[in-house]
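Thanks for coming, everyone. Please have a look at the structure on the screen before I start.

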Amino acid sequence: MSPTSMLVREAVLKHGKSRQSLLPVLQDVVKSNNYLSEDALIEVARELDLSSAEVYGTASFYSFMDMKPCGENIIRICKTITCYMKGKDNIIKAIEDRLRIKLGETTRDGKFSFLAANCIGWCHKGPAMLINDRVYTQLTPKSAVQAIEEYLHQGDKK
Amino acid sequence: MTKQEKIRLLEKQQEKINLIFENIDHWEVIDRVLKNPPQQIIDDIVESGLRGRGGAGFPTGLKWKFAADQKSDVKYVICNADEGEPGTFKDRQILEEQPFKVFTGMALCAYAVNATDGFIYLRGEYNYLLPFLNEKLAEFNQGLKEREMNFSISIRSGSGAYVCGEETALIESMEGHRGEPRNKPPFPVTNGYMDKPTVVNNVETLVYCTMIIKENPEFFKNLGTRDSRGAKVFSVSGDADVEGIYELELGMTIQDFVDMFGDGDTKAVQVGGSSGFCVPRKDFKETIIGFEGVPTGGSMMLFNSSRSMFHVLHNYLEFFNEESCGQCTPCRVGCQQLLRGIEAIKKREKPPAYLDELVKLAETMRIASKCGLGQSVSNPFISISENFREEIIF
């Protein structure tokens, strides 16, 4: 069995085979693989006895369910008004320079994807970003780069 | 007032009104309630005048009453923790600091309407809270079991869709579908999750329910105004001397608010997040924060005179463009056209009078959109473009 099938099977075992389990199952796959591959979608469809179009249609609605390969670590910087006012553009610039990619791209070594997100709920402590599930607030260009470097020197994920 | 003085004054006020973050013995509340008939809870919540704190402001007691009146073996209570409105972050803090008061509110509701299962729909951006909340939930569910209450709570995660904060979209998402809002009626209280009667309440609403039952309805009713009873947690951000989360009595004017939080140069306050209303300086004195004036889910964003309201509106419209579920045409196309429209005016591709056409489009969206998202785009659009017309067209 391929690692993806194993992963899907494990998630289905945990959450069940009903339609309500679809999102939790997909979320587990995303958590491990950081994105939903075609294989994973087909496998989920088979396990839950849904059409793969149905699974794709549901998954593609949610912005945290990426359909193309993402880096090991996903950086999501808040682009909503308060973070904007507090200088998110400078943070973006600093991160782009450090990772040598543009917003929306993934580094060549596959370590990071750099994405923008709508309000992540830290407006009073902007600019803010998420790296995976972890929150970083009151960023300066320097502290943002520092935060990323923590992950850079880390062999394992998270 | 200096910043330090403002903070001190606010701290003093928080001593007077501190319903949400005050520590309580939640089991004492539950044990006391379990001795009374369920109807008593509903009567108390109705009597308190509490209205939903998520933004829409539906009377909570009535919602519970409708659900209680339904004949069904299976009913659900859902805590809406899909706090996605830009400028709102109070629910996160409440869950972080007072999780048991939220769970208690859900248990009280379950007892009142006779529900068996509870869910917390937590937005994906707050996933870091999951280990903490699951641990507290295990403890809470165990406590309910010991009291032989047939109710338990679990958590479902969102995946980054703002529209899932709309209750029927939230239910669709929980059922494993795209988070597209349903037509109403039927409302969730009759046909909700899995087509069963379902109460969907905001995090803060549930905590107020806990506090109303702990104290009494009168104590809550005596706060605020006739149309807006009680207090409310505000998320303050933007060009403010004091930012953060503050619980204040409803019914204050924007002027009072700005005097307390502003940086002395506030030109506009966006009340209720990107889907709320923009109040310009000239209206600060007459505008009341509450259901009789500008209603709010708690988001208060302050802008000083260094800010361009064009950029503010542009940012909101970009937000709506991305977050519109795309299911109904007025919202899907309307959001795109409003954004393109103000860009075209700015670039001189369209004459200033085109803004009037866009206002008409926004009005159409309010009438014709299927859910609250599309209907409320007109709130920021019209309030900003009418009050700051020169900034949009020049």
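Predicted model: local features only at pLDDT ≥ 70, side-chain atom pairs only at ≥ 80, totals over all residues.

Residues are numbered from 1 along each chain as its sequence is written, chains are lettered from A and ligands numbered from 1 in the order in which they are written, and side-chain values use heavy atoms, without hydrogens and water.

Chain A first. Its secondary structure comes to 7 helices and 4 strands. Those are DSSP runs: H or I of at least four residues for helices, E of at least two for strands, numbered from the N terminus. Along the sequence the pattern reads α-α-α-α-β-α-α-β-β-β-α. The C-alpha atoms fill a box of roughly 50 × 30 × 25 Å along the principal axes. Of the 158 residues in chain A, 55% count as buried. Buried means under 20% relative accessible area, with a 1.4 Å probe and protein chains only.

Now Glu247(B). Where is Glu247(B) found? In strand S6 of chain B, residues 244–249. Glu247(B) is buried yet has no salt bridge. A salt bridge needs a side-chain nitrogen of Lys or Arg within 4 Å of a carboxyl oxygen of Asp or Glu. The nearest side chain of opposite charge, Lys101(B), is 7.4 Å away. Lys and Arg count as positive, Asp and Glu as negative; His and the chain ends are not counted.

What does the Glu247(B) side chain reach? The backbone nitrogen of Ile20(B), at 3.1 Å.

Definitions and conventions
Buried < 20%, exposed > 50% of the residue type's maximum accessible area, 1.4 Å probe, protein only. Polar contact = N/O pair within 3.5 Å; in protein donor to acceptor, adjacent residues only side chain to side chain.
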